[in-house]
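User: I am new to this structure and would like to go through it in short questions. Please keep the answers plain.

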Amino acid sequence: MRIFILISTIDQRILRVPAVLCEPEPEVHYVVVWQQTYREMTEEAEAQTAELTSRGDVTLVTLPGRGLSRSRNTAIKTVHSLLEDPLEDAVCIITDDDEKFSRESFGLVNSYYLQHSDVDIALMRMRSVINKKYFKKYPEVEIDYRKHPRSYYVSSWEMTFRARVWHAGIRFDERFGLGSQKLCAGEEEIFMIDAMDCGLKARIVPIDLGTTRPLSTGMHVSETKVLRSRGAVYGYRYSLPLAFLRTLREAISLSIRMRTRFIPVFRKIWYGVRYVRK
């Protein structure tokens, strides 16, 4: 089974990509989507692209503009263009330009999917590159994603899935994610909502993939775009009355925790609800 590592990067961050790559393995291929915002590229960046494309296990795709979800979708679409048989069983691993995979991770991913042919999506684990601790409390044993603890939230660097989810119509919603116009987060949760609605099977699996930086857009809860993103997820998932109740509860909780006024917080979250339901 082939494994495709989908790396999203932008502008000068292309210089970070070589550190993500591991030693070549027969069944592992990297798809690097390099977004460019029309800034002048340095000679170092141009040289880096030449080095990347010299590797037989790397496909480099250039994409103008911003939008992390656009990048993810472009990478998945590229995977399907690389498959000789559109029905070939292959696995995709989502990553950015600041992660490092462990030596044994790809073998563990391959073994898991071979042994669990009914699983479409497996959410695995990453540790902090700084202290090697997990970013969140994970279930100690493998569980169905539909039964995940309320405190659990999905992160992009945990996401592995079979390439066939593309045929089910599952995409990253390009209204969400870094680089989008209004909503800077939430694209992973929307992806999972759509997958569950389509009847796909997802599991949270105790397999370590490697390390990454301890930073997530969803953690900056006071930022306007993050609050809007939370509201947009509520608006996408729930009916309008239930989204209102969720917004109300979230605004009360955050205003107390952040010691700020309730009304501005409520308005920002409710903006996201209305935006996504247009």
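Predicted model: local features only at pLDDT ≥ 70, side-chain atom pairs only at ≥ 80, totals over all residues.

Analyst: Residues are numbered from 1 along each chain as its sequence is written, and side-chain values use heavy atoms, with hydrogens and water left out.

User: How many helices and strands does the chain have?

Analyst: Helices (H or I, at least four residues) and strands (E, at least two) are DSSP runs, numbered from the N terminus. Counted this way, the chain has eight helices and nine strands.

User: What radius of gyration does the chain have, and what would a compact globule have?

Analyst: The radius of gyration is taken over C-alpha atoms, and the globule rule is 2.2 Å times the number of residues to the power 0.38. For 278 residues a compact globule would come near 19 Å, and the chain agrees with this, at 19 Å.

User: What percentage of the residues of the chain count as buried?

Analyst: Buried means under 20% relative accessible area, exposed over 50%, and partly exposed in between (1.4 Å probe, protein chains only). Of the 278 residues, the buried share is 53%.

User: Which strands are joined to E2 by bridges, and how do they run?

Analyst: Two strands pair if DSSP finds at least two bridges between them. E1 and E2 are joined by eight bridges and run parallel. Seven bridges join E2 to strand E3 (residues 58-64), and this pair also runs parallel. The strands asked for are E1 and E3.

User: Which residues stand opposite valine 33?

Analyst: Valine 33 is in E2, where serine 8 stands opposite it. In E3, the residue opposite valine 33 is valine 61.

User: How many of the residues of strand E2 are buried?

Analyst: Strand E2 covers residues 28-36 and is mostly covered. Of its nine residues, the number buried is eight.

User: How many salt bridges does a search of the whole structure find?

Analyst: Side chains of opposite charge can pair when their charged atoms come close. A salt bridge is a side-chain nitrogen of Lys or Arg within 4 Å of a carboxyl oxygen of Asp or Glu. The search finds 16.

User: Why does the salt bridge of aspartate 97 with arginine 16 tie together separate parts, and how many residues apart are they?

Analyst: The closest N and O atoms of aspartate 97 and arginine 16 are 3.8 Å apart. Aspartate 97 lies in the loop between strand E4 (90-96) and strand E5 (100-101), and arginine 16 in the loop between strand E1 (2-10) and helix H1 (17-20), so the pair ties together parts whose separation in sequence is 81 residues.

User: Is aspartate 97 buried or exposed, and which network includes it?

Analyst: At 3% relative accessibility, aspartate 97 counts as buried, whereas arginine 16, at 33%, counts as partly exposed. The network of salt bridges that includes aspartate 97 links Arg13, Arg16 and Asp97.

User: What is the relative accessible area of arginine 162, which forms a salt bridge with aspartate 89?

Analyst: In this salt bridge the closest N and O atoms are 2.7 Å apart. Arginine 162 is in strand E8 (residues 159-162) and aspartate 89 in the loop between helix H3 (68-82) and E4, 73 residues apart. Aspartate 89 counts as partly exposed at 32%, whereas arginine 162 is buried, with a relative accessible area of 0%.
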